[in-house]
Amino acid sequence: MTPGRLGALAAVAAGLGYALAVAPVPFYDKGEPREALVVRAVLDGHGVALPRRDGVEMPSKPPLFHWLAALAVRAGVRPEELAMRLPSVVGGAVGVGLTAAVTAARSGATAGVLAAVVLGTSFEWLRAASQSRVDMTLALAVVAATLAWWAGLRTDGGRWLVRLGWIAAAAGVLTKGPVGLVLPLAITAAGAVAEGEPRRLARLLDPLGLAAAAAIGGAWLLAAWQSGGADFVARQLLHENVRRVAGGGRAPHAHGPHWYGPALLLGFFPWTLALPAAALRLRRRGVSADRFLVAWIVAVFVLYSLAAGKRSVYLLPLFPPLAVLTGTALADWVAQPLGARARAGVRVGAVAVLLVTAVVVSGAADPIVELVGRFLHPSDRANLPLVSSVLDEHRASLVLGLGGLFIALSGLATRFADVRLRAGHLLAVGVFWGLLLVLDGLRPLARAATPRPFAERVRASVAADATLCAAGWVDYAVRYYVARPLLHCPADTRPHFAVRATTRAPAPGCVDTGVADERRFGRGLRFALDACGGAR
């Protein structure tokens, strides 16, 4: 099988898996419905270059992701949550396909398949591919630009690849701002230096490619500035870029310079356990292309570590090269009989899974959940009761998934095994891990935490022409599922909660819907919205 065909099959398989996984999952957190409301603004005609939620609120990101999701909605993709997530689903799947193709071209079909499994089932990539957020679209744009420039600089006739890279970088700018251009440029420069060919970088100065990127990014910037003026500059350029990088004032998601080390190890799990094998292979048989991949990883890691604002999902652009190196090392690993140390390591992993299974079966997970909660942020700690309830309600399916994971790991530990059989066991590890995350993690947590039932009760209890108002900030998921604008009520009393819930007396001229939700995030907070008859 050719690398291109393998990559296409990997992309299709990943895309179908992601789509089936997230199609029935309702919005339940802050980030996804926030972006979905911007998509709805595009569909409702509240701006194209700068679509505003409910025609009022300034978006925090450029609009490419929202345009793509709006196209999916217009195309009739249902449920609508899947349409809102489709750019991430497709971006994650294409990233898996590109990784498989690149790895297969370098190291063979087995390595390509394993690299696809590693990337597609790593925790952070799987999570980002299933969310209605801009990060996966940005990651794909950065990966596409980097690969196009890398191939173009190494080929005498690669001018069109260089131009394609500039267009992909412009797409990154339209997704999340200047970082879409800075990252692939930094990666390409670091890679050229690592390979000892910095002079090749001059080929990036292609007039047509530069003009195309400038035209794409400049046209949007001009349109957004004309629509938003100083507010646009303050929100999207200064707050989301300068302040987040330099840390002026209180940077969002601020963390120390060493924060990304543990974040990467967790985000790449369970394949973090295979990183020592990848490091050992690099030390023994590293080649020029490997130096480029290492430089790619280091460039992304260092740049984001220097920034004040940090989120684990920012590291997505370094996952494909890490998966290439890991998948190649795993292919070498399964191609030969395992040594005693390797078998012992796999058996330790199998025993660990067995112990986790025993904890789940015995119902002794609650004390462990409480212990973990001591190290979490208060907002995350508040969700732990939901975690405990999911562990109790889905104990049988958890045991089945963990049992499959145990069997797959146990099969890897045999001394005499066929190469394809051992590779199949690694594939099974990824599949069972992904199923556990989705079926016993994402879906039940989302269904327990979503405010969709509350929002649907609100919609059913008020007239179609009524305007809803709230005394304080209302959860984005509530606003999405209510499916109509939420105005600020003329408050004569202060809300008890201004973050996730609102309780107050009805505003003058309005009536209380009587609809409340006492279970939101397990914190006993009460939502109450007023319905004001007629439009305002």
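This note sets out numbered points on the predicted model shown above.

1. Basis of the model. The model is predicted: local features need pLDDT of at least 70, side-chain atom pairs count only at pLDDT 80 or more, and totals for chains, interfaces and linings use all residues. Residues are numbered from 1 along each chain as its sequence is written, and side-chain values use heavy atoms, with hydrogens and water left out.

2. Overall composition. The protein contains 22 helices and four strands; helices (H or I, at least four residues) and strands (E, at least two) are DSSP runs, numbered from the N terminus. Of the 536 residues, 52% are buried. Here buried means under 20% relative accessible area, exposed over 50%, and partly exposed in between (1.4 Å probe, protein chains only). Among contacts with a separation of 6 or more, 73% are between residues 24 or more positions apart, a contact being heavy atoms within 4.5 Å.

3. Helix 5. This helix covers residues 109-121, and its 13 residues reach 18 Å from the first C-alpha to the last, close to the 18 Å expected at 1.5 Å a residue; the expected span is 1.5 Å times one less than the number of residues. Helix 5 is mostly covered, with ten of its 13 residues buried. The buried residues include Ala111, Gly112, Leu114 and Thr121. Their cover includes helix 1 (3-22), helix 4 (80-107), helix 6 (123-128), helix 14 (319-334) and helix 20 (419-449).

4. Arginine 106 and aspartate 290 form one of them, with their closest N and O atoms 2.3 Å apart. This pair links distant parts of the chain, since arginine 106 lies in helix 4 and aspartate 290 in helix 13, 184 residues apart. Arginine 106 is partly exposed at 27% relative accessible area, whereas aspartate 290 is buried at 1%.

5. Further salt bridges. Arginine 127 pairs with glutamate 124, the closest N and O atoms being 2.8 Å apart. Because these two residues are three residues apart in helix 6, about one helical turn separates arginine 127 from glutamate 124. Arginine 127 is partly exposed, with a relative accessible area of 33%, while glutamate 124 is buried at 2%. Lysine 176 and aspartate 135 also meet in a salt bridge (2.7 Å, N to O). Lysine 176 belongs to helix 8 (residues 159-176) and aspartate 135 to helix 7 (residues 135-154), so the pair ties together parts 41 residues apart in sequence. Both lysine 176 and aspartate 135 are buried.

6. Aromatic pairs. Rings of Phe, Tyr and Trp (its six-membered ring) pair if their centres lie within 6.5 Å; planes under 30 degrees apart count as stacked, over 60 as edge-to-face and the rest as tilted. The whole structure holds 13 aromatic pairs. The ring centres of tryptophan 220 and phenylalanine 232 lie 5.7 Å apart with planes at 85 degrees, so this pair is edge-to-face. Both tryptophan 220 and phenylalanine 232 are buried. Tyrosine 480 and tyrosine 481 also form an edge-to-face pair, because their ring centres are 5.0 Å apart and their planes at 80 degrees. Tyrosine 480 is buried at 3% relative accessible area, and tyrosine 481 is buried at 6%. Ring pairs also link Trp259, Tyr260, Phe301, Tyr304 and Tyr314 into a cluster.

7. Nonpolar surface patch. Val294, Val298, Val302 and Leu306 make a nonpolar surface patch of about 340 Å². Patches are made of residues with over 30% relative accessible area and no salt bridge, with like charges joined within 9 Å and nonpolar side chains (Val, Leu, Ile, Met, Phe, Trp, Tyr) within 5 Å. Valine 294 is found in helix 13 (residues 288-306), and valine 294 is partly exposed at 32% relative accessibility.

8. Glycine 363. This residue is found in the loop between helix 15 (340-362) and helix 16 (365-373). Glycine 363 is partly exposed, at 34% relative accessible area. The C-alpha atoms of glycine 363 and leucine 391 are separated by 8.3 Å, and the two residues are 28 residues apart along the chain.

Technical notes. Areas by Shrake-Rupley, 256 points an atom, 1.4 Å probe, with all protein chains shown as cover. Salt bridge = Lys/Arg side-chain N within 4 Å of Asp/Glu carboxyl O.
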